[in-house]
Amino acid sequence: MIRNRRLWVIIGLFVLCCSCKEYLDLKPYGETIPETPEEFEALLHRTLNNIDYGNDAVIIGNQSTILDYDCVTDNLDASLTILPQGNSLNLYLGEKLNGFQSNYSQLYEKIRDCNLVIENMTQKESAKGKKVLATAYTMRGICYYNLLRLFCEPYDKENENSQLGLPLVKVFDMEARPIRSSIKATAEFIEEDLKNGIGYNLTDDIYRLTVDVAKVYLMKLYFWTQNWGEVTTLGEELLKKYPLLEGEAYKDMIQSKFTRKGNVLIRSLVYGDESAESTFQLLVKYRPVSKQFIDLFVEKENDIRYELFFDKKRVVKKQLTAQVRSAEIALMLAEAYAHIPDNDKALAHLNALRAKRISNYVPYSLTTLPSDTSVGEIREDVYGKPLTPLLAAILKERQKELFLEGDRLFELKRNGCPEFWVTKDGLKYVTLKYMYTAPLSRVDVDLTPGLIQNEGYEL
């Protein structure tokens with residue numbers, strides 16, 4: 001019996017040691033490195049195909065990702081979950097923290113594939129080679145951006161040189177165990193990757209990660225790292241190319257099950273059965289929309305989203321779709337101008353979006369903005385300052401517009417990491433501030449000297 005136990009311990013340690021360096025292994029055992037641009041292209045198209053079929057949860061995300069993120073926010077009322085049907089929905093953020101470890105490993109696996117292309121493809125100047133390189137750089141940049149938002153603390157501009165970033169795996173080295181760079185160095189590396197992708201000017205949609213997708217993710221990076229001037233430069237360019245929709249065209253875009261419509265730059269799940277509801281679409285109906293979210297729609301039926309997103313019983317009607325579309329660009333622009341500050345331009349972008357959503361709309365002015373500056377659980381901005389009426393109005397519009405698109409959790413994180421609670425079976429479950437930053441893999445921390453775990457998860 002003792003001998004058997006020792007055997008299982010040895011096997012377990014072997015598995016743990018293998019898993020911790022798996023994302024560094026650019027040449028899996030028994031496989032050969034591709035040689036031609038077509039072979040490298042096939043490596044990336046495997047991931048792009050998974051995005052198309054909604055099977056990839058970590059790059060653009062999918063319906064499962066949206067449930068993971070939105071169900072633990074203040075958009076839905078976890079305390080009123082219909083049971084037992086809704087038992088599989090996460091109750092609060094603390095229940096999801098361990099599950100985020102799969103995001104960590106999957107994203108580094110994608111980075112491994114991108115590194116393989118960038119380092120080893122020799123025919124870089126061929127037409128095919130340039131398209132493949134553009135895709136690899138953009139994909140790697142998006143992967144690191146997603147890791148940055150989930151596994152690093154909210155960006156602090158004043159402490160960016162000392163704040164912990166990510167282990168940056170740039171080249172293959174079987175012996176290397178990189179520790180965390182600064183958050184500034186991490187952001188600069190992501191910026192470089194996305195700019196490299198943009199430089200190839202990829203317009204072939206079959207590669208999905210086109211030049212415009214790279215630009216919008218670069219804009220999202222600048223937004224996360226509070227580079228407001230860069231946000232406005234990119235945002236104004238993109239919004240001209242992808243103008244806001246309204247009316248039936250907007251409804252058609254939002255409720256499209258499998259087709260990229262309107263001003264959507266990229267989305268997952270473009271293939272499927274039009275006649276069937278997905279498991280995730282059915283599951284979200286067991287968690288009611290929160291009252292505070294419904295109360296954001298002060299114009300009620302005059303707002304096209306009011307009856308499009310939920311019904312009178314607070315049941316979700318909106319289609320779960322992981323996507324990037326121009327409304328987010330407009331909202332980033334409005335907030336960036338508010339922080340610069342350029343209140344006139346911030347108001348112009350806010351009013352332009354609201355005019356597309358609300359019938360008989362009367363534009364806001366600085367004197368007519370609502371005085372209530374709470375935005376759900378959010379009470380402060382990215383700098384820890386109380387919300388102004390203008391910023392509060394922009395954040396409220398973002399909460400409404402990007403409902404069930406995987407955005408709200410990161411808005412809570414970006415704006416103060418507010419603590420709030422839900423109940424179940426007489427017990428209280430609190431989302432604590434540190435939980436907004438997911439823990440690094442314990443295996444990696446244990447086996448990599450100097451790799452620092454995030455605050456709140458130290459043993």
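I will start with Asp-70, which is buried but makes no salt bridge. The nearest side chain of opposite charge belongs to Arg-408, and it is 7.6 Å away. Keep in mind that this is a predicted model.

So what does the side chain of Asp-70 reach? One backbone nitrogen it reaches is that of Leu-404, at 3.2 Å. Another is that of Gly-406, at 3.0 Å. Asp-70 itself sits in helix 3, residues 63-70. Leaving out residues up to four places away in sequence, it touches Asn-75 and Leu-76, and also Phe-403, Leu-404, Glu-405, Gly-406, Asp-407 and Arg-408.

Most residues other than glycine have a negative phi, and most peptide bonds are trans. Is Leu-404 buried or exposed? It is buried, because its relative accessible area is 1% and the cut-off for buried is under 20%.

Leu-269 is another non-glycine residue with a positive phi, near 60°. You will find Leu-269 in the loop between strand 3 (264-267) and helix 10 (279-283). Leu-269 is buried too, with a relative accessible area of 15%.

Next, the peptide bonds. Leu-83 and Pro-84 are joined by a cis bond, with omega about 5°. Pro-84 is in the loop between helix 3 and helix 4 (100-120). Ile-340 and Pro-341 are also joined by a cis bond, with omega about -5°. Pro-341 is in the loop between helix 13 (326-339) and helix 14 (343-357).

Now helix 6. Its 17 residues reach 24 Å from first C-alpha to last, close to the 24 Å expected. Its buried residues include Ile-183, Thr-186, Ala-187, Ile-190 and Leu-194. An α-helix has 3.6 residues a turn, so residues three or four places apart point the same way. Among the elements covering the buried residues of helix 6 are helix 5 (127-151) and helix 7 (211-224).

Lys-184 is in this helix as well, and it is partly exposed, at 27% relative accessible area. Its C-alpha is 5.1 Å from that of Glu-160, 24 residues apart along the chain. Just after helix 6, Asn-201 takes a positive phi of about 50°.

Last, confidence. Mean pLDDT is 92, and 92% of the residues reach 70 or more. Where does pLDDT stay under 50? Over residues 1-29, for which the model has 32 contacts beyond four places in sequence.

Technical notes
Residues are numbered from 1 along each chain as its sequence is written. This is a predicted model: local features need pLDDT of at least 70, side-chain atom pairs count only at pLDDT 80 or more; totals for chains, interfaces and linings use all residues. Side-chain values use heavy atoms; hydrogens and water are left out. Helices (H or I, at least four residues) and strands (E, at least two) are DSSP runs, numbered from the N terminus. Buried means under 20% relative accessible area, exposed over 50%, partly exposed in between (1.4 Å probe, protein chains only). Lys and Arg count as positive and Asp and Glu as negative; His and the chain ends are not counted. A salt bridge is a side-chain nitrogen of Lys or Arg within 4 Å of a carboxyl oxygen of Asp or Glu. A polar contact is a pair of N or O atoms within 3.5 Å; within protein, one must be able to donate a hydrogen and the other to accept it, and residues adjacent in sequence count only if both atoms are side-chain atoms. Contact means heavy atoms within 4.5 Å. pLDDT is the predictor's confidence in each residue, from 0 to 100. The expected span of a helix is 1.5 Å times one less than its number of residues.
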